[in-house]
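Please keep the structure in view while reading.

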Amino acid sequence: MFNENVMSAPHSKLASGYGPLCSVEICEPHLESGKLLLDGLVSYCAPFQALSHPFPFSQILEIFCTQHEQKYQKRHLESGNVYDGYFNHSQRRRLDVISGQKYNVHRCQTDWINTLPDELLCQIFHFLSTDRDRFASASVCKRWLMLQSHMSRGDFLESDTSKGGPQSQDRKFKGETDSNEDVESEVHLEGYDGDLSRCLSGRKASDVRLAAIALGTQSCGGLGKLSIRDGSATGFKLSLTDVGLSAIGSWCSGLRVLSLWNCPYITDQGLASIGNGCHILEKVDLYKCPLVGDSGLQVIAKRCPRLSYLNLDECEKISDVALVAVAEHCANLTILTLQNCPQVSDYGITKVVCNLKMLKKLKLSGLRLTGRSLESIGAQEGDLSWLTLQNLDQVGPDGFVCITHPRGLHKLKHLHIADCRNFTDFSLSMVAKCCGNLKHFSLHKCDLVSDKGLILFMKSVPSLQVLHLEKCNMISGTGIVSALSVRGKELREFQIKKCAGVHEVQAICPPIPDGSALQSICITDCPDVGDLLVALVGLLCKEAVSIDFSGLQNITDDGLLAFLCGGGSKLTSLKLSGCCKISDRALCVIVQEGGQTIRNLALDGCKNLSDKSLKAISSNCPFLEDLDISDCAITNAGLEDWVSSNGKMLSSLNLSGCVGVTDRSLSSILKNCDHLQDLNLKNCKGISERAASAFQSRKLNCMVLY
């Protein structure tokens, strides 16, 4: 701490000729760091005693103390938002630095301390031995912050605390600032175990902010997760560059997760600084980083042996060179995603799948690959259990057959194929033969797959549990019925979306499988599906508890009742959004048969439903939690009757477009719906804005849209 005789006799010679030296006010928390800076300045400036114009030490001392006083009166610094969490106006005392005479600190207008060269300031900072002192001095201005952020730990004197001694002093110092909102907003504290997390986006994603984080997190465990979104939103001067990442690499050695999205100014140099300083890095996620190339990723691969997750999306300069380095040095890699990287070829993919024996999840999307890459995937003998192939236009029909190696995919559990225009029925049947343990299969926008391939696939994979088909226009209603009739006993979820080729089928009697475990049926946005197909599907899926027929505009009450014939007593979720031909007759029968277990009911767009349906729901659905009746012909009477009977369990209610509902219903909802969390009142012409605002003010735990 400072005392009245800080300077020794030899040091006082530096001040000769400058009149009485200053007596200033210094904040209590900064006295120790100020003394260290003072001692460093005096020792370093000793050679300047012989100059014709003596070194202006007293003026520098004045400005140093004055700047501490002025800087810490501000909440944030300009642009950089370097925060002050340690200034306490109640703790100050007057100190006579050298003599007892007072001195006007505003007499000197020249900023002497900032005229010093960077080398001199770094030498002064060398005497700051604790994290507390370093961060306190770095909070003075952006220049001091950036200088310290690019000094390594070896450039500072080591104290007992930094050598492994007790850290109670720094921890207590950090705890003293927990009540300061600026500190909490700058450094998000999750614990002292090195798992601090920070997410920056927009204007907050800048080099100055990263430098403050790098220094500010040292006394509370260190940064463990860093996520940056849109690092170019503020222009070149304030955007994120390699300077900020190099500060993280120098100080945050405990960083385990790095995510960079849309950072156009990050280059190989910034990524290399992370690799050189953060050796326990486990996850790297790069999206739209056009200047990141092979050399930066090579450093990551060589210096970070714990790397287990790597995602490269729209990184134009990444090529096979980087993938070879990953294959040779990242033996612990388990998840690899490569999307829209034009320089990646078959050679890099082959190296990866052949060398990485622990690889479990692989996604290849938008790459210029051929059948050679798929052949290497099929021939690998690792633990690959999750495979996604998307938008591989250069892979021909024979290329997809190459993946069907008898030893490569025997552990595969999840297979997703999307936008592969050369994937045919034969390719699907060959995949089915080699993936006997497949559990989850999804097919998206593959126009060459027809009913024949789907039926063969269902026969060959008895262990299949989930099947998703979307925008497969060659699949018809007959194929769906036939596939369900030959399905395995373990299938529990069947989903068909936006398949324009699904038309009405002829009246057939398909074989009904025994011991079915199918619980979820989803047929949505297929405009030509009618009552007969829905009835046949219901005949094959009597044990289904979750039904989704959203967007089927042609089904009527007869088709829906036929679907639920012999079943429907254990329904938990029913979604009929956009089924405009469904009326009160069908819904009343459904809720009377299985309303005791229904918890989710979506009826938006069913314009033929009225208060009669609400009355049936109130009498038979005591555990309903989520109700969507937007654009239905309901009134206050039906809504109030239902809310007063069974509104206690309701958590979400959608009344959007219900013109028959007025302000009167809100009082009933407020009185009876104790657990309501979401209420949608958009386009309700009978509800005034005043009533909705009053409801929101009295129901603070409910989000109201109006």
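## Salt bridges and core

Asp-383 is partly exposed, with 32% relative accessible area. The structure is a predicted model. The side chain of Asp-383 forms a salt bridge with that of Lys-411, at 2.8 Å from N to O. Lys-411 is partly exposed as well, since its relative accessible area is 37%. Both partners of this pair sit in loops: Asp-383 in the one between helix H15 (371-379) and strand E10 (386-390), and Lys-411 in the one between helix H16 (397-401) and strand E11 (414-418). The two residues are 28 apart, and the pair links distant parts of the chain.

As a general point, side chains of opposite charge can pair when their charged atoms come close. How many salt bridges does a search of the whole structure find? The search finds 7. Three of them, including the pair above, are listed here.

| Salt bridge | N to O distance |
|---|---|
| Lys-411 and Asp-383 | 2.8 Å |
| Arg-585 and Asp-557 | 3.8 Å |
| Arg-664 and Glu-640 | 3.0 Å |

In the pair of Arg-585 and Asp-557, the side chains meet at 3.8 Å. Is Asp-557 buried or exposed? Asp-557 is buried, because its relative accessible area is 7% and the cut-off for buried is under 20%. Arg-585, at 45%, counts as partly exposed.

The side chains of Arg-664 and Glu-640 also meet in a salt bridge. Arg-664 lies in helix H25 (residues 663-672) and Glu-640 in helix H24 (residues 636-646), so the pair ties together parts 24 residues apart in sequence. Glu-640 has a relative accessible area of 21%, which makes this residue partly exposed. Shared partners also matter in the list of salt bridges: Asp-557, Asp-558 and Arg-585 are joined into one network.

The other topic is the nonpolar interior. In soluble globular proteins, nonpolar side chains tend to be buried together. Here the largest nonpolar core has 185 residues, and Phe-549 and Leu-655 touch the most other members. Helix H9 (residues 207-216) gives the most to this core, with 7 residues.

Which residues does Leu-655 contact, leaving aside neighbours within four places in sequence? Among them are Ile-629, Ile-634, Leu-639, Val-661, Ile-669, Leu-679 and Leu-681. The contacts of Leu-655 also include Ser-630, Asn-680, Lys-682 and Cys-684.

Note on methods
Residues are numbered from 1 along each chain as its sequence is written. This is a predicted model: local features need pLDDT of at least 70, side-chain atom pairs count only at pLDDT 80 or more; totals for chains, interfaces and linings use all residues. Side-chain values use heavy atoms; hydrogens and water are left out. A nonpolar core is a set of buried Ala, Val, Leu, Ile, Met, Phe, Trp, Tyr and Cys residues joined through side-chain atoms within 4.5 Å. Buried means under 20% relative accessible area, exposed over 50%, partly exposed in between (1.4 Å probe, protein chains only). Helices (H or I, at least four residues) and strands (E, at least two) are DSSP runs, numbered from the N terminus. Contact means heavy atoms within 4.5 Å. A salt bridge is a side-chain nitrogen of Lys or Arg within 4 Å of a carboxyl oxygen of Asp or Glu.
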